[in-house]
Amino acid sequence: MNARALLGRGMFVVVLGLLGLTSCLPAPLGDPSESKADSRFSGVWEWRDGRTHQAIIRPWDEKTFLVDVLTGEPQADGSTKPRERNIYKAWLTDVKGQTFITMQPVELTGAMNGDARQPYYLIAKVKLDGTTLTATALEPDFKKLKDVTTRAALEKIVSENLDDPKLFNPGPITATRWTVEQMKGLDKLQETFQGWK
């Protein structure tokens, strides 16, 4: 596995760990210009795996989201010690009635002269059920995804293989939306991560 794929795995365990996702692909799913920023996804979503993860999802514009994922270690005094922060531009895509989120690291949105880094995307199937968000990543080791390089090719493979469990990572992540009371602590949490990213 190349370094970029390993980096993507680390980020998703962190995020889409809202996403726990471990999917890193060289092509996006769907076209952000044709998407809609469904307001039901906006908010703070939290999951724990020994560390705490909060994915702060806000509209970027009417079509896309800004996803700010804060990962930390809970401390005895109730505070959080920052460990990682990842920021993404994200959008939703419907494939045969199933909703997918595509996340692109903000630092890779838009080409810059002399920047040789190739874009990559974190992609997961997402499902909302009240205050619960379940995210199941595409499995980058799925044989048919190995040589995907274009959006059209990825969309075709996902559409044709939705019923194949091997298309997805076997470990979905389940996140819970913060309550109104928890939201009162958002400013303090963000201040804790102010020096990160």
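The model described here is a predicted one. Its chain holds four helices and eight strands. Read from the N terminus, the order of the elements is α-β-β-β-β-β-β-β-α-β-α-α. Of the 197 residues in the chain, 47% count as buried.

Thr-52 itself belongs to the buried part of the chain. A residue is called buried when its relative accessible area is under 20%. For Thr-52 the value is 2%, and the residue is therefore buried. When neighbours within four places in sequence are set aside, the residues in contact with Thr-52 are Trp-47, Leu-70, Thr-71, Gly-72, Pro-74 and Thr-80.

With a relative accessible area of 56%, Arg-48 is exposed, since the term applies to values over 50%. Arg-48 and Ile-173 lie 125 residues apart in sequence, and their C-alpha atoms are 9.5 Å apart in space. Strand β8 also pairs with strand β7 (residues 132-137), in the antiparallel sense and over four bridges. Here Leu-133 stands opposite Ala-175 in β8.

A further set of pairings involves β4, β5 and β6. Strand β4 (residues 80-95) pairs with β5 over eight bridges, in the antiparallel sense. Phe-100 in β5 is the bridge partner of Thr-93. On its other pairing, β5 is joined by five bridges to strand β6 (residues 122-129), and the two run antiparallel. In this case Thr-99 stands opposite Val-126 in β6. Six of the eight residues of β5 (residues 98-105) are buried, so this strand is largely enclosed by the rest of the structure.

Tyr-88 is found in strand β4. Its relative accessible area is 0%, and Tyr-88 is therefore buried. Although Tyr-88 and Val-106 are 18 residues apart along the chain, their C-alpha atoms are separated by 4.9 Å.

Lys-96 is placed in the loop between β4 and β5. Most residues other than glycine have a negative phi. At 62% relative accessibility, Lys-96 counts as exposed.

The buried residues of α2 are Leu-154, Ile-157 and Val-158. Seen down the axis of the helix, they fall within an arc of 95 degrees, so they line one face of α2. On the other side of the helix, Ala-152 and Glu-160 are exposed. The buried residues of α2 are covered by elements that include β4, β5 and β6.

The last feature concerns empty space. Rolling a probe the size of a water molecule over the atoms shows where such space is left. The largest pocket of the model has a volume of about 340 Å³. It is lined by 14 residues, and those closest to its centre are Gln-54, Gly-78, Ser-79, Thr-80 and Leu-189. The elements that give two or more residues to this lining are β1 (43-48), β2 (52-59) and α4 (186-192). Among the elements, α4 gives the most to the lining, with three residues. By class, the lining of the largest pocket comprises three nonpolar, eight polar and three charged residues.

Methods
Residues numbered from 1 in each chain as written. Predicted model: local features only at pLDDT ≥ 70, side-chain atom pairs only at ≥ 80, totals over all residues. Heavy atoms only, no water. 1 Å grid on protein atoms, 1.4 Å probe; cavity = no way out; pocket = protein on both sides within 12 Å on 5 of 7 lines; lining within 4 Å. Points joined across faces, edges and corners; volume = space filled by probe spheres on them. Nonpolar A, V, L, I, M, F, W, Y, C, P; charged D, E, K, R; others polar. Pairing = 2+ DSSP bridges. Buried < 20%, exposed > 50% of the residue type's maximum accessible area, 1.4 Å probe, protein only. Arc of directions from axis to C-beta. Contact = heavy atoms within 4.5 Å.
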